[in-house]
Amino acid sequence: MRRIWALLAGAGFGACIMYLFDPQSGNRRRALVRDKLAHYSRIASERIGGVGQEIWDRSYGTFATLRYQLNRTPPSDDVLVARVRSKLGRAVTHPHAIEVTAREGHVVLRGPILASDVERAKVAVQHIPGVTELESQLDVHATPDGVSALQSATPLP
């Protein structure tokens, strides 16, 4: 059985050599093979580069999380306010209407808010690293009618 495979491999190798080094079309065929190899190596390089960047980004995020878990220093009040405002921007329909203050992990929310946004806002803020206490002094409204800060916003998906 081995001899048959060796014979077939030798015949295939010989056919390849004849195909590529044919005096009439060999140059064209070799150029075609060279171009195909260059094309597929470029595609592989681009895909591996994208995967490499994703691996780098994920590992950076993991190390940042581990560093936070080991360090556990509370964020400054300004950083905490910025984190809360950022999270509120994705959680409520009128984030500009809410005033945020923070002091040593104690976060206070003030201002008008729609009733449909209250629970989302509280849950979002409570899960922010560094928030130890949440005080809600929000002025809850069922509809935006008559409240200028609650006008003209795009609804959340």
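Helices here are DSSP runs of H or I with at least four residues, strands are E runs of at least two, and both are numbered from the N terminus.

The cut-offs: buried is under 20% relative accessible area, exposed is over 50%, and partly exposed is in between, with a 1.4 Å probe and protein chains only. Leaving out residues up to four places away in sequence, aspartate 117 touches Val92, Thr93 and His94. A contact means heavy atoms within 4.5 Å. Take histidine 94: 23 residues separate it from aspartate 117 in sequence, and the C-alpha to C-alpha distance is 8.9 Å.

A word on provenance. This is a predicted model, where local features need pLDDT of at least 70 and side-chain atom pairs count only at pLDDT 80 or more, while totals for chains, interfaces and linings use all residues. Residues are numbered from 1 along each chain as its sequence is written, and side-chain values use heavy atoms, with hydrogens and water left out.

Now the overall layout. The protein has 4 helices and 3 strands. Read from the N terminus, the order is α-α-α-β-β-α-β. Next, dimensions. The radius of gyration is 32 Å, whereas a compact globule of 157 residues would come out near 15 Å. That radius is taken over C-alpha atoms, and the globule rule is 2.2 Å times the number of residues to the power 0.38. Along the principal axes, the C-alpha atoms fill a box of roughly 85 × 40 × 30 Å.

Burial and surface next. Of the 157 residues, 22% are buried.

Helix α3 covers residues 77-91, and helix α4 covers residues 115-126. They pack at an angle of about 145°, with axes 9 Å apart. Axes are lines fitted to C-alpha atoms, for helices over the stretch in contact, and angles run from 0 to 180 degrees between N-to-C directions. Which residues meet? Val84, Lys87, Leu88 and Ala91 in α3 meet Arg120, Ala121, Ala124 and Val125 in α4. By class, this contact has 6 nonpolar residues, no polar ones and 2 charged. Nonpolar means Ala, Val, Leu, Ile, Met, Phe, Trp, Tyr, Cys and Pro; charged means Asp, Glu, Lys and Arg; the others, Gly among them, are polar.

Staying in α3: glycine 89 lies in this helix. Glycine 89 is partly exposed, at a relative accessible area of 38%. Its C-alpha is 15 Å from that of valine 79, 10 residues away along the chain.

Threonine 73 is in the loop between α2 (26-71) and α3. Threonine 73 counts as partly exposed, because its relative accessibility is 45%. Threonine 73 and glycine 130 are 57 residues apart along the chain, with their C-alpha atoms separated by 8.6 Å.

Then glutamate 104, in the loop between β1 (99-103) and β2 (106-114). Its phi is near 50°, a positive value in a residue other than glycine. At 67% relative accessibility, glutamate 104 is exposed.
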